[in-house]
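Biologist: Hi, could you walk me through this one? I'd like to start with the domains.

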Amino acid sequence: MVNGMNKIVKYINQEFKECNDLIYKKININLKNIHIFYLETLVSGDRVNDYILKAISNNSSILNIFKVIPSPHFIYIDNKDKIEFYLFNGYTIIILFNKIYAVEAKAELDRSITESTTEPSLYGPKDSFVENIQKNLGLIKRRLKTRHLKNNVQFVGRETKTIINILYIDNITDMNLVKDIEKKIKNIDIDGILDAGVLKKIIGNNKNPFPIIKLSERPDLICNSLLNGKLVILVDNSPFALILPSFLADFFNPNTDNYIKSINSNFLRLLRVLCFFLSIIIPAFYIASTNYNQETIPLPLLINFSTQRSGVPFPAIVEALIMLIICEILKESDLRFPNSYGSAISILGALILGEAAVNAGIVSPIMIIVVSITYITSLIFTDNDITGAIRLWRFIFLLLAAFYGLYGICISIILFLINIISYKSFYYNYSFPIKPTDFTYIKETLFSKNTNKRSKYLTKNTTRGNL
Amino acid sequence: MKKTIILVLLCLFLGGCNTNYKSLNDLAIVSSIIVDKEDDNYVTYVELYKEEKSENKSKKVAYFIEGKGKNLKSALDNASLSVSKNLYFVHTNAVIFSKKVVEEDLEYLFNYFEKSIQLNTNYFILVTDDVKEIQKTKDDDNPILGEKVRGIITYSSNNGAITKYDFLQKLYNYVNPNIDIILNKLEVKDNKITIDEAYYFDKNKIAGTLDQNEIKYINLISNTNNEIFLNFNYNNCPYVIKVEQNKTKYDFKNNKIILNINIKANLDSIGNNMDLKKINTIEELNKHSAESIKNNIKTLINKLKSSNSDALGINDYIYRRFGEKKYNFYDNEIDVEVKVEITKKGLILNTIGGEYEKK
């Protein structure tokens, strides 16, 4: 028995040879050796002292260690290969009588629950996810008090063994989707998943710029999605949850609209849809109408445009490309730089893009207006992927308009529609709820209206209640 | 996706869509064109927009360039030689023909402008007796001739004294063998550009001129103007009615063409010596207006008949209704029946009420 115990101790010491944060304690009580291992970086020393060491030393009989240590997370490990997993998950390993036990004594490494920074809300709940998956799960379960809410746990990553929770409501969510996603996640063979974004890239479609998975840090949005029959994936160490399947309509409007009167928010919602298209089409329309289809511009405006452009040496398309690229660079540098530099970049940008550029004769004032409207309309969308998709399509529209005028824009629109309509979010149409048409979902996403039904496209359980 | 890209490329390269790149900097925007004829040569004066900068302000002005040629195309081409930009005709406001060129080559002019893809179709066509004077005059109201003309026709025609038709509608009338066209006459009075009269045509020839009053009745019969103001004098008391609604119907009985005109009007202004509280006054005004309109229309029809010009398009109506020329504007007697109903007596008088409303 002693030999066996020593073998385990030797095994641990061997495996964790260079891990300097591994603490090993050997305690002798009543002539019985107890070996304790834990990683001091992941385990709370106080908890080890208070709940394990004190309990062991205060009890003369440690034959039944389950009774001695009062911990809800007291696990008997039947395989020494599992020691590594428990050690790295904040457990303390106790080796006694040739048996291995793991007791949870995690240190508080995560931050407290704070307000959402990416999806702020004026009137809705203020809490948002943190890096601790248990807390995140708790925030969801606090809202959805139903046994039908299931969370399927998987560990992904050869080295990271990241905990991934697949959440769904079993009497609402389409089980085929659940099985499909479970299978996809099971098949992931990678060294590590460090964030929800990495998982999003792996299971999402990377060929099309439009995202089919929505990232959110708002538990209320997650619960709403679950109630709509969607599936949610939580990834440990990530403050974002993945919502899938997501459609283009889901990215237009924030969930926070649900907390104000629908009649007031609907105007904003329609405005956002308009902004989406304006952001893509405005520079292209300007190029097409000033270079090919001047008849579309009213005469007084055409004369103004002509006057303003008179000193600019570049063709309008070059002017537009210069401005759009400078704006992209500014936006990127503003995002990357620390906050304290932000205002400096804004001033510099305003100077370069504003009066200086016009006075230098590099661009015309109207181009500044066009680019400004383009960027203001695109700033409505906070999701990076959707703004990326808008940017890509903006350049496609712009280039086709530069070569073919309004005809080019028409071709771009056809190309855009083909792309969106044929695109699948998992096995659902990305253009849902427009094609296939579903008024229930249209009311919920494009308009802010509470309905007593769920979309039959997403779930067979379509009754929400009686409103 | 490959199929989509192939489809798009096919649309782009085999679409056959003619796309002409025209940079805004290279355009000379045309406001109006004047066409004249000198010694068998066409002379065109093209009015171009220009920006005039003074200190911190820039002002929109216009100037004329001139070109001569054996035909209209070469005249315009020659005119374009004097500018370093492309002439851009799409936003042309007006095309003004001299009386001489209209008398000689109206068919050619319509043919040329009908086929010109450079121009839009919503410009106005006018005739002037004095090209030089028109070109020289810088109206204080708007010194740009094309804009001035468009402004007069678009806004001033609200009183019904100008024909509002643009080129496309004029062309429709011109190519229709059953309608004779009317073209507004542009002239200079007291150093101001105005449209007081219109030329009416017998096929391609000028048949005569119509004054503002006659144009109002043409607009009334053809229902082409929403608001027409008609001036009358009843027992030495002048009054004006504003036509709010009018319907013209044609009846054909006993070899007669009967024009039925039903008018609902407002009393726009009236002299002092008329008591509108009395029921008889309004009824008398209705009768007097109807009689006056009838007489004026009869006079107009006789004038048109004597000039052999069907500017009212009555023959066209007959052709469309019967499919053959069963009746003829020139040969059949035309009777006019007019009914006028003054429905409102103006804002203030209406609140008084009176016997007329209580009836």
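Modeller: Happy to! Domain bounds here come from an automatic or database domain assignment. This is a predicted model, in which local features need pLDDT of at least 70, side-chain atom pairs count only at pLDDT 80 or more, and totals for chains, interfaces and linings use all residues. Residues are numbered from 1 along each chain as its sequence is written, while chains are lettered from A and ligands numbered from 1 in the order in which they are written.

Biologist: Great. How is chain B divided?

Modeller: Into domain 1, covering 27–210, and domain 2, covering 219–359. Taken over C-alpha atoms, the centres of these two domains of chain B are 33 Å apart.

Biologist: What about chain B overall, how many helices and strands?

Modeller: Chain B has 11 helices and 13 strands. Its C-alpha atoms fill a box of roughly 75 × 65 × 60 Å along the principal axes.

Biologist: Switching to chain A: how do α14 and α15 cross?

Modeller: The axes of α14 (residues 384–404) and α15 (residues 406–422) of chain A come within 7 Å and cross at roughly 145°. Axes are lines fitted to C-alpha atoms over the stretch in contact, with angles from 0 to 180 degrees between N-to-C directions.

Biologist: Which residues meet there?

Modeller: Among them are A:W393, A:F397 and A:Y404 in α14(A), and A:Y407, A:I411 and A:F416 in α15(A).

Biologist: Last topic, the largest nonpolar core. Which members touch the most others?

Modeller: Of its 172 residues, A:V232, A:A241, A:L242, A:I287 and A:A401 do. A nonpolar core is a set of buried Ala, Val, Leu, Ile, Met, Phe, Trp, Tyr and Cys residues joined through C-beta atoms within 7 Å. Buried means 20 or more other C-beta atoms within 10 Å of a residue's own, all placed from the backbone.

Biologist: So what does A:V232 touch?

Modeller: Not counting residues up to four places away in sequence, the contacts of A:V232 include A:L167, A:I222 and A:L242. There is also a second, separate core of 23 residues, including A:I52 and A:L87.

Methods
Buried ≥ 20, exposed ≤ 12 C-beta atoms within 10 Å, placed from the backbone. Contact = placed C-beta atoms within 7 Å. Helix = DSSP H or I, 4+ residues; strand = E, 2+ residues; numbered from the N terminus.
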